[in-house]
Every structure is written in C-alpha cells, then in structure tokens.
Amino acid sequence: MLTKQVDLDELDKRILNALQMDASQTNNELALAVHASPPTCLRRVKRLIDAGVIERQVAIVAPEKVGAGLTSIVEITLDNQADERQVEFEALVAQEGAVLQCYRVSPGPDFVLVVQVADMPAYHALAHRLFATHANVRNVRSFFSINRSKFETRIAV
C-alpha cells in the first residue's frame with residue numbers, strides 16, 4: 001500500500017522536528033522555536049495534520065512506571081498465508097492492547113509484533129490467548145528485552 005509522499009519545505013521540516021521533540025508546546029512557543037509567525041505556524045501544522053503527515057500527538061509513557069516492564073519482540077508464522085488469513089490475524093492482534101506494533105514482513109516469519117506486558121505470567125497469558133488457541137498460527141518465536149538502550153519515536157525529516 002503506497003501513499004504519495006508530501007512535499008515538505010524547510011519550515012515544514014523545522015515544525016515537524018520541533019513537534020517530534022515536544023508536541024505539548026503552545027503554538028506561540030512552536031512559532032518562536034521555528035522562526036515563524038504564530039498564524040503561519042498554525043496554518044502549517046493544520047496542513048500537516050490534514051495531509052496525514054502528523055498522524056496524532058501522544059504522550060510517551062515509561063512502561064516500568066505503569067507496571068508494563070516486559071518487552072517482547074515476537075515472530076509469528078502462519079500455517080496458511082492467504083491474504084484473508086493474514087488480515088484475520090491482524091484484526092485479532094489489533095484488539096489486543098499489549099500488542100504495540102504489528103508488522104507484516106518478508107522474508108522469514110509472516111509477522112513481527114512488539115508486545116509490552118507486566119511480566120512473564122502476563123506474556124504467557126497473552127501468548128495462550130493470541131497464539132496457542134489460534135488454529136492458523138504455526139510457529140512463535142519470542143525475544144525478551146533485557147535492556148532498552150535506545151527508544152526513539154522521532155523520524156528524521
């Protein structure tokens with residue numbers, strides 16, 4: 001699924017970089033940081049939102065502070081890789097709050113998931129709920145993070 005890239009000028013890029021570092025700043029603070037007038041900045045941000053460049057603005061929560069300290073990267077191979085079966089699996093994991101990211105990949109496994117849970121018993125319950133009871137899941141390989149040395153949401157523009 002390819003989408004058209006949006007043409008960005010230098011001001012758009014400065015706005016995006018500033019918002020990726022701190023989306024909570026006011027429009028006036030943002031305008032000052034990117035060297036633009038507040039009305040221009042407001043119009044540009046609205047245009048970036050309308051064009052889908054800015055998908056949403058969120059708070060990044062420290063997992064260990066809210067009892068979700070175990071990160072797992074999970075490879076899933078399906079028994080039947082027909083498109084409708086892959087869509088079915090994507091719909092299943094989309095309903096699961098502990099699954100933070102789901103990627104359909106190639107080559108290798110069919111999916112790679114990023115999962116955030118409280119601990120190993122919580123992971124076991126999730127694995128049973130999503131993988132063990134799903135007839136089309138052939139293989140599951142899980143990797144557990146022992147240290148997160150980098151976590152970044154910023155995309156260089």
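Is serine 72 buried or exposed? Serine 72 counts as buried, at 1% relative accessibility (buried is under 20% relative accessible area, exposed over 50%, partly exposed in between, with a 1.4 Å probe and protein chains only). The model is predicted: local features need pLDDT of at least 70, side-chain atom pairs count only at pLDDT 80 or more, and totals for chains, interfaces and linings use all residues. Residues are numbered from 1 along each chain as its sequence is written, and side-chain values use heavy atoms, without hydrogens and water.

Serine 72 lies in strand S1 (helices, H or I of at least four residues, and strands, E of at least two, are DSSP runs numbered from the N terminus). Its side chain reaches the backbone oxygen of phenylalanine 143 at 3.3 Å (a polar contact is a pair of N or O atoms within 3.5 Å; within protein, one must be able to donate a hydrogen and the other to accept it, and residues adjacent in sequence count only if both atoms are side-chain atoms). Serine 72 also touches Tyr123, Phe143 and Phe144, among others, not counting residues up to four places away in sequence (contact means heavy atoms within 4.5 Å).

Tyr123 is one of the buried residues of helix H5, including also Leu126, Ala127, Leu130 and Phe131. The buried residues of H5 pack against strand S1 (70-78), helix H4 (83-94), strand S2 (99-104), strand S3 (111-117) and strand S4 (137-144). Aspartate 119 caps the N-terminal end of H5. One of its side-chain oxygens lies 3.0 Å from the backbone nitrogen of alanine 122. Helix H5 (residues 120-132) has 13 residues, but its end C-alpha atoms are only 16 Å apart. A straight helix would reach 18 Å (1.5 Å times one less than the number of residues).

Leucine 16 has its place in helix H1. Leucine 16 is buried, with a relative accessible area of 7%. Its contacts include Leu8, Leu48 and Val157, not counting residues up to four places away in sequence. Leucine 16 and arginine 154 are 138 residues apart in sequence, yet 9.2 Å apart in space, C-alpha to C-alpha.

Arg154 is among the residues nearest the centre of the largest pocket, with Val58, Ile60, Glu152 and Thr153. The lining holds 45 residues. Helix H1 gives the most to this lining, with four residues. The lining divides into 26 nonpolar, 11 polar and eight charged residues.

Technical notes
On a 1 Å grid over the protein atoms alone, a cavity is a set of points where a 1.4 Å probe fits but cannot get out, and a pocket is an open set with protein on both sides within 12 Å along at least five of seven lines; lining residues have an atom within 4 Å of a point. Ala, Val, Leu, Ile, Met, Phe, Trp, Tyr, Cys and Pro count as nonpolar, Asp, Glu, Lys and Arg as charged, and the others, Gly among them, as polar.
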